[in-house]
Amino acid sequence: MRTVIYPGSFDPLTNGHLDVVERASKLFDQVIVAVAKNDDKRPMFTQAERKRQITAAVKGLPNVEVAAFNGLLVDFAEQKKAQAIIRGLRAVSDFEFEFQLALMNRKLKEQIETIFMMPRESYTFLSSRLVKEIAGLGGDVRAFVPVNVERALKRKLK
Ligand code: ADP
């Protein structure tokens, strides 16, 4: 059984994240989307809200599960018997941080590989931060996030 963890803040989940989840679900027997608490990033949505939103959005993908995690990612990966971690790469600007993170995780747990995936080109400009900014200014984010996330943004910003 090949299991991969896709960790992130997902505050909120975007179509770019979903694109990576779909690609990963075709390559692995099981994909676990791991929602980090990330309190220091002052998230708009609670960890439980983000987990619920992702669960609803991946309903149609039978080999994808969603979990919340708080500790060290490599420990969580080991606990779930995952062989790999997936991260998304949008542009060169993502590279430096992601490279550092991947090498640090390898230092912490040699046997867990980090794999990078690129989303569809049209999603390379997409980020949770921009989605929140646009929604906060009253812009239309329907092209960037699943419907349930769009509704959650509206509710949160009311
Ligand atoms: P984190 O706080 O861990 O960076 P994010 O939710 O911002 O959490 O991102 C999780 C992962 O998804 C990261 O690897 C990030 O590079 C990737 N990602 C974010 N947006 C996109 C996108 N539009 N397309 C592909 N990957 C993305």
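Visitor: In which loop is the place of arginine 42?

Guide: This is a predicted model, in which local features need pLDDT of at least 70, side-chain atom pairs count only at pLDDT 80 or more, and totals for chains, interfaces and linings use all residues. Residues are numbered from 1 along each chain as its sequence is written, and side-chain values use heavy atoms, with hydrogens and water left out. Helices (H or I, at least four residues) and strands (E, at least two) are DSSP runs numbered from the N terminus. On that numbering, arginine 42 sits in the loop between strand 2 (30-36) and helix 2.

Visitor: What is the phi of arginine 42?

Guide: Most residues other than glycine have a negative phi. Arginine 42 is not a glycine, yet its phi is positive, at about 45°.

Visitor: Is the peptide bond from aspartate 11 to proline 12 cis or trans?

Guide: Proline 12 belongs to the loop between strand 1 (3-8) and helix 1 (15-27). Most peptide bonds are trans. From aspartate 11 to proline 12, however, omega is near 0° and the bond is cis.

Visitor: How are helix 2 and helix 6 oriented to each other?

Guide: The axes of helix 2 (residues 47-57) and helix 6 (residues 147-157), lines fitted to C-alpha atoms over the stretch in contact, come within 9 Å. They cross at roughly 150°, on a scale from 0 to 180 degrees between N-to-C directions. Angles under 35 degrees count as roughly parallel, over 145 as roughly antiparallel, 65 to 115 as roughly perpendicular and the rest as oblique. The two helices are therefore roughly antiparallel.
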